[in-house]
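Hi there,

Here is the structure I promised to pass on to you. Please open it and keep it in view while you read my notes.

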Amino acid sequence: MKILFNITGTCLLLAVFSLPLEFYTFLRILVSVAAIVGIYYEINHYDKNFTVRLIVVFVFILLTFNPFIPLHLNDKMSWVVIDVIAAIVFIGYRIGLERKRSLKKDRGRSPIDL
């Protein structure tokens with residue numbers, strides 16, 4: 001799952017450059033799949049503090065990047081801003097998952113082990 005979010009964030013950052021239309025079609029599919037995985041993970045690993053907010057963010061990203069009913073913005077700069085924000089969300093989410101896992105591992109240890 002970490003790899004999916006890393007690749008998605010990287011591709012979103014690459015999208016700020018002028019690339020062929022096929023890349024952006026692939027990007028819509030990739031971002032939609034990653035958003036669905038994020039929603040699924042949050043639903044199955046319920047955490048009261050962040051789950052609802054993250055689900056709302058992922059649903060918004062899913063609606064923005066969905067490949068079936070594409071959102072067409074004629075302004076490239078609008079997409080650049082959206083791409084960068086979405087990249088920050090995916091990369092930040094991946095970092096947050098790693099921190100959450102390391103905190104769970106640390107809770108199982110005694111203070112002497114730390």
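**What I found**

Ile 82 has its place in helix H4. Helices here are DSSP runs of H or I with at least four residues, strands are runs of E with at least two, and the numbering starts at the N terminus. Please keep in mind that this is a predicted model, in which local features need pLDDT of at least 70 and side-chain atom pairs count only at pLDDT 80 or more, while totals for chains, interfaces and linings use all residues. Residues are numbered from 1 along each chain as its sequence is written, and side-chain values use heavy atoms, with hydrogens and water left out.

**The overall picture**

The protein has four helices and zero strands, so its elements read α-α-α-α from the N terminus on. Of its 114 residues, 29% count as buried; buried means under 20% relative accessible area, exposed means over 50%, and partly exposed is in between, with a 1.4 Å probe and protein chains only. The accessible surface comes to about 7,700 Å², and carbon and sulfur atoms hold 70% of that. These areas come from the Shrake-Rupley method with a 1.4 Å probe, and for residues only the protein chains shown count as cover.

Now for contacts, which means heavy atoms within 4.5 Å. Among contacts in the protein with a separation of 6 or more, 66% are between residues 24 or more positions apart.

**How the helices pack**

Start with helix H1 (residues 2–14) and H2, which pack at an angle of about 145° with their axes 10 Å apart. Axes are lines fitted to C-alpha atoms, for helices over the stretch in contact, and angles run from 0 to 180 degrees between N-to-C directions. The crossing of H1 and H2 is left-handed, a word used if the near helix is turned anticlockwise from the far one by less than a right angle (right-handed if clockwise). From H1, the contact uses residues including Leu 4, Phe 5 and Ile 7, and from H2, residues including Phe 23, Phe 26 and Leu 27. Sorted by class, the contact of H1 with H2 holds 13 nonpolar and two polar residues, with no charged ones. For these classes, Ala, Val, Leu, Ile, Met, Phe, Trp, Tyr, Cys and Pro are nonpolar, Asp, Glu, Lys and Arg are charged, and the others, Gly among them, are polar.

Next come helix H2 (residues 21–44) and helix H3 (residues 51–65), packed at an angle of about 160° with axes 9 Å apart. H2 and H3 are therefore roughly antiparallel to each other; that term covers angles over 145 degrees, with under 35 being roughly parallel, 65 to 115 roughly perpendicular and the rest oblique. The crossing of H2 and H3 is left-handed. Where they meet, H2 brings residues such as Arg 28, Val 31 and Ser 32, and H3 brings residues such as Thr 51, Leu 54 and Phe 65. The contact of H2 with H3 divides into twelve nonpolar, four polar and two charged residues.

**Residues to click on**

Phe 65 lies in helix H3 and is buried, with a relative accessible area of 3%. Not counting residues up to four places away in sequence, Phe 65 touches Leu 12, Arg 28, Val 31, Ser 32, Trp 79, Ile 82, Asp 83 and Ala 86.

Follow that list to Ala 86, found in helix H4 (residues 76–107). Ala 86 is buried, with a relative accessible area of 3%. Beyond four places in sequence, Ala 86 touches Leu 12, Ile 61 and Phe 65. The C-alpha atoms of Ala 86 and Phe 65 are 9.9 Å apart, and the two residues are 21 apart along the chain.

Back to Ile 82, which is partly exposed at a relative accessible area of 24%. Leaving aside neighbours within four places in sequence, Ile 82 is in contact with Thr 64, Phe 65 and Leu 73.

Finally, Leu 71 sits in the loop between H3 and H4. Leu 71 is partly exposed, with a relative accessible area of 36%, and it touches Arg 28, Thr 64 and Trp 79, not counting residues up to four places away in sequence.

Happy exploring!
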